[in-house]
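Hi,

Here is the structure I promised to pass on to you. Have a look at it first, and then read my notes below.

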Amino acid sequence: MEQRTLWSRMMAIDRRILYLILAVNIVGALMARVVLEPNIPPAVRSFYETIEALQPGDIVMVSSTWSAGTLAENQPQFEAVLRHLMRKRLRFTIISFTPPARDISHRLARRLTREQGYVEGKDWAHFGYTPDIVLAVKGMSEDIAQAVRQDVRRVPIQQLEVMRGIKSLKDYKLVVDITPSDTLTAWISFRPRDLKIIYCPTSVMAAEAYTFLDSKQILGMITGAKGAYEYEHLLGIVGLGTRFINAIQFSHVLIITFILLGNFAMFMQRRSRS
Amino acid sequence: MDWLLAFLPLNFERTSIWIGAICTLAIYSILYRENPFYRLFEHMFVGLAAGYALGPNLVDVIYRFWWEPIRQDGIWWLSFVVPFGMYLYFIYNEKYGWVSRIVIGALIGASAGLAFQAFSSRYLPQLQGALSKVLWYPPNSTGEIYISTILNNWIFVVILLAVLTYFTFSFEHRGAVKRTATLGRWLLMIGLGAIFGNTVMARMALLIGRVYYLLDSWLMVRIGGG
Amino acid sequence: MFDTRENIWAAFWMIGAAILIFALIPLLQTLPPRGRYLLIAFVTFIAGLFFAAEFFLPVDEKTGKNFLTDPFQRLQGSLQVITALSLGLGTYGLIRLHLRNAVQRRAQWGYSIVLLVSFVTMAFFSVWNTLAEKGLLGVQRTPLLERAFTLLFDYTLVQLDATMFSLIAFYIFSAAYRAFRIRSVEASILMFTAMIVMIGIVPLGKFISDSIGLPIMMTDEMRTNPFALETILYSLRLPEVANWILNVLNAPVQRAIEFGVGIGALAMAIRLWLSLERGIT
């Protein structure tokens, strides 16, 4: 009778206690001074090496469609990618396909580029927001000036120093797609054939992208905050990915423990009933 | 005492951080139970999100792609675009609502027309990738292909065919086909398990980001990790 | 706004176009239902034909274009505008609903007032900020604008948005404990895979594998001898198992799903293009 009460009490535990356990786990893990060496998967190494292979002065398109809802996953990726591009002295342009993504990426890019002495208009530019990614990518594949017209500060594309010698996406070396949604398929479907793509999805979208990695439609991928940590490790920097990774891995341990605990309680309750 | 002075909202930056923390805690109050505090901030969020989109849509899109080409480049036919697009807003009218379907039809037609290019660019390379898997040592191979690669390729092809069989509904699954489809269903669970694992990581990361903001920016507690 | 000649001409064209387009509506209203359906089907077909033909028609070898590519370039801006207007439909519907709630004092109309006030405030500062960013209409960036927009966007909207999405973590955890029951073969496979992936992809997986003494690196000798004990032990490292699951087991599953979805999407696209799908257009 006592055991039955215990197992059924375990299975009927108030969900608010579960929430509290999760919160305590995360707070504890964030404050822990533990740093574990990452395992660098081939996709992350390939991502890093694709940017490393570029030459100073090459131009990269950063497609930044993320907003506040996926801040914790995409912001570490965005910051690490921009730091890498600036370290390699690459030119880059940013474009957004949702309204909040425009301001978030522009404000963040302004802060990061100021730290590295990059000048907007000269070394980098933001093309603002366009609602339809398919039309934008298809249009930019032929003529960026006609597809985008001007940057976020209303400077015509032809007058931007960063766009000197660049007419269309065919002149770009690489696209980095940082996104929580399905923008990758639009880039793959409508970009110029030889334009390389590397991908920074949230973890939810990552599992579906392995098929694109296998067919070499994307050359590398960093998955969420965890991928950002591995990428930061390759870059030798400490960013948000490094700060989050402890909490990520110990939350996984917690959730696995509780799944097993829940199943064990169910099993024991069944046994004690029979 | 220094910490307390730095913590309190005594300047614009700290006040802003406090407002952010209050917004965060107000939303988290739903975890305890439904309350008016949560409802207030929820409605504020919806209003802010809807209001924010107006700026970029009006200025970054309509001004950039409509007003300025008409005014600066003299592309006069563009004048018809916005009135034509405004037909969409008749959807709320019972009598004239059908005219919105003209614009919807144009958008759907455009998406459908673009689907051919999307199909060929997206799926044909994947089909090619699947068909070009090396399943045995090619003639004149110089030892660059390992047995593990060949084994993995066989596994890839078997899984692909099994899962495709499971998704084939044109005929009844019987005998060997049924067993293959069952295998496909089990293997599909592997893909779903991978998705589940990654989904858990994604959601936890979003929560971790919020807790990090509360600890680092608001409470100014030192965070570990690097 | 109406200082220059271009502005006057632009305004003239816009007003003229608006009058013409809206004057068309009573004319269109005279169409019988069959005529309306044919008109919508015609517009859908022409729109689809344009883009399909632009893709299928052969291109000039030197320029990489066909005769439809340049018209597409000129049209794509207008389609962006129509897409932006279609997105505004949702906002319009939302404001309409809450205005009605507030005016008619329906249940919880107080919250509708909060929503409307937030909407108007944010819309004002968002438009002001975007105009100031582009230097349009002589609008300047002022300290008030900077502070107000920073407060509303960075410290309110962004925080609320991020927090809303983070709530799901709690629900996933609670659901995983209370509802995830391993009762069948399929559930076991799913759960086992998820657990290996969750631990294998994080540094903890590497740490556990190193701690129990599994080989740390793959050497050339191990690569050429896959059945050696050392190679097998290396392959049992949690990160290697997780990567193998993701790349060798998960990838073909996702590809099979992609093929199924792709063929279905193409079939649906053709049906929509030819207006065979009732109830859509």
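**Domains of chain A**

Chain A is split into two parts: domain 1 covers 2-33 + 248-273, and domain 2 covers 55-238. Taken over C-alpha atoms, the centres of domain 1 of chain A and domain 2 of chain A are 41 Å apart. Please keep in mind as you read on that this is a predicted model.

**Aromatic rings**

I went through the rings next. Over all chains, the structure holds 42 aromatic pairs. One of them is formed by Tyr28(B) and Phe170(C), with 5.7 Å from centre to centre and 80° between the planes. That angle makes the pair edge-to-face, because planes over 60 degrees apart are counted that way.

Where do the two partners sit? Tyr28(B) belongs to helix H2 (residues 12-28) of chain B, while Phe170(C) is part of helix H5 (residues 143-179) of chain C, so the pair joins two chains. Are these residues buried or exposed? Tyr28(B) has 13% relative accessibility and therefore counts as buried, and Phe170(C), at 5% relative accessibility, counts as buried too.

There is also a cluster linked by ring pairs, made up of Phe84(B), Tyr87(B), Phe90(B), Tyr96(B) and Phe22(C).

**Charges over rings**

Two lysines may interest you here. The charged end of Lys138(A) is placed over the ring of Phe72(C), at 5.4 Å from the ring's centre. In chain B, Lys133(B) lies over the face of Phe156(B), and the distance to the ring centre is 4.3 Å.

**Cysteines**

How many disulfides are there over all chains? The count is zero. As for individual cysteines, Cys200(A) has 0% relative accessibility and counts as buried. Cys23(B) is buried as well, with a relative accessible area of 1%.

**Around Val43(C)**

In sequence, Val43(C) and Trp273(C) are 230 residues apart, yet in space their C-alpha atoms are 9.7 Å apart. Which residues does Val43(C) touch, leaving aside its neighbours within four places in sequence? Val43(C) is in contact with Ile102(B) and Ala106(B).

Best wishes

Key. Residues are numbered from 1 along each chain as its sequence is written. Chains are lettered from A and ligands numbered from 1 in the order in which they are written. This is a predicted model: local features need pLDDT of at least 70, side-chain atom pairs count only at pLDDT 80 or more; totals for chains, interfaces and linings use all residues. Side-chain values use heavy atoms; hydrogens and water are left out. Rings of Phe, Tyr and Trp (its six-membered ring) pair if their centres lie within 6.5 Å; planes under 30 degrees apart count as stacked, over 60 as edge-to-face and the rest as tilted. Helices (H or I, at least four residues) and strands (E, at least two) are DSSP runs, numbered from the N terminus. Buried means under 20% relative accessible area, exposed over 50%, partly exposed in between (1.4 Å probe, protein chains only). A charge sits over a ring if NZ of Lys or CZ of Arg is within 6 Å of the ring centre and within 35 degrees of the ring normal. A disulfide is a pair of cysteine sulfur atoms within 2.5 Å. Domain bounds come from an automatic or database domain assignment. Contact means heavy atoms within 4.5 Å.
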